[in-house]
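Here is a short briefing to read alongside the structure. Have the viewer open, and we can go through some helix packing and then the ligand site.

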Amino acid sequence: VSRSIARHLTYLHHAMKGNPWLDFISMGLGIQRRAERFKKSWEPHLDATRSFIEQNTRTGGSGIALLGAGRLYDVPLKALMERFDHVCLVDIDSSLAATWAEARKIWGPRLITEFRDVTGVLQEWQGRLHACNSSRELLWFLHENPPRVTFSYSTVVSLNILSQLGVMWRDRVFACCRSKGFDISPEIEHIIAVSSARLELAHLESLANDASEIVLVADRSFVTIGRRGEVVEQEDALYGPWPDTISGFTTSGQASWRWEIVPVGGEVAHQGTVHEVQARCFRRT
Ligand SMILES: C[S@@+](CC[C@H](N)C(=O)[O-])C[C@H]1O[C@@H](n2cnc3c(N)ncnc32)[C@H](O)[C@@H]1O
């Protein structure tokens, strides 16, 4: 109960400060709640992620950036601090400040923290979304291409963030349509999907911008399972294709596993949720 109250207070604190990323804060607090509640179910996924990163990152270069570092559940921080001169944690969710400050107390200034939107465009797009006066303007605006972003580290890890980019953006567009009374027509739904796929693609291109080594951990599909583990429903996690290759890079490591997000009966009677996760390490050719 006290953890739940602490989470509510964290949310309220950021809401009162007018934090523009409240949807991400709320999602992050949801991750924290599930990680604590379903600790046993989550451990194999967190172990698999940590060991994939540990086994597939080489030392050297200008350091390593972890995009979507979050609460560091799936980050092999000790191993990375021993291997790299600089480790940079990147996330949009500023409610992580206390967790990251604790880590900095242990590791000092070689651990860099950056609160930043990895798409580089959400704040601007949000403003433009709200400036739209008709669904026609919205359709027009959602055709835009997001920019490439630079991460100036030689190793970049995209840490289960790819499937969130489209979903979080879609939810913002839906919320805007509802608040302005725009119909969510099939045409709007289609263009939201196109826009979300472009955000995913721009993220992948951004990873390839400067890095010589990319580690990508990303959901491939979301599965609802029944009482005996049978598949009740399954959907692709990404709007675009799962990136099996990245141009200019070769694949040097790969793995896949299941992440039992919610065990059967954990939140819905007789049902649970599993994410199929894939990991790849790409090296510049
Ligand atoms: C599924 S979590 C990864 C788990 C995380 N490593 C942990 O241990 O808590 C994805 C993370 O990506 C972050 N994220 C999502 N979209 C983002 C964006 N556009 N820019 C920066 N961070 C983002 C979220 O805030 C969240 O912490």
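In this predicted model, helix α6 passes helix α8 in a right-handed crossing. Helix α2 also meets α8, and that crossing is right-handed as well. The points below take each helix pair in turn and then move to the ligand.

**Helix α6 against helix α8**
- Helix α6 covers residues 122-131 and helix α8 covers residues 162-180; the two pack at an angle of about 20°, with their axes 10 Å apart.
- Because angles under 35 degrees count as roughly parallel, α6 is roughly parallel to α8.
- On the α6 side, the contact is formed by Leu 122, Trp 125, Gln 126, Leu 129 and His 130.
- Their partners in α8 are Trp 169, Arg 172, Val 173, Cys 176, Ser 179 and Lys 180.
- By type, the residues of this contact of α6 with α8 comprise six nonpolar, three polar and two charged.

**Helix α2 against helix α8**
- Helix α2, residues 22-37, packs with α8 at an angle of about 130°, and their axes are 11 Å apart.
- Are these helices parallel or oblique to each other? α2 and α8 are oblique, therefore, to each other.
- From α2, the residues making the contact are Asp 23, Phe 24, Met 27 and Ile 31.
- From α8, Gln 164, Met 168 and Arg 172 take part.
- The contact of α2 with α8 divides into four nonpolar residues, one polar and two charged.

**Around the ligand**
- How many residues surround the ligand? There are 22 of them, and the closest are Gly 68, Tyr 73, Asp 74, Asp 91 and Asp 117.
- Gly 68 has a backbone N or O atom 2.9 Å from a nitrogen atom of the ligand.
- For Ala 69, a backbone N or O atom lies 3.1 Å from a nitrogen atom of the ligand.
- Asp 74 takes part through its side chain: one of its polar side-chain atoms is 2.7 Å from a nitrogen atom of the ligand.

Terms used:
Residues numbered from 1 in each chain as written. Predicted model: local features only at pLDDT ≥ 70, side-chain atom pairs only at ≥ 80, totals over all residues. Heavy atoms only, no water. Axes fitted to C-alpha atoms, helices over the stretch in contact; angles between N-to-C directions. Helix = DSSP H or I, 4+ residues; strand = E, 2+ residues; numbered from the N terminus. Parallel < 35°, antiparallel > 145°, perpendicular 65-115°, else oblique. Left-handed = near helix turned anticlockwise from the far one by under 90°. Contact = heavy atoms within 4.5 Å. Nonpolar A, V, L, I, M, F, W, Y, C, P; charged D, E, K, R; others polar. Near = heavy atom within 4 Å. Polar contact = N/O pair within 3.5 Å; in protein donor to acceptor, adjacent residues only side chain to side chain.
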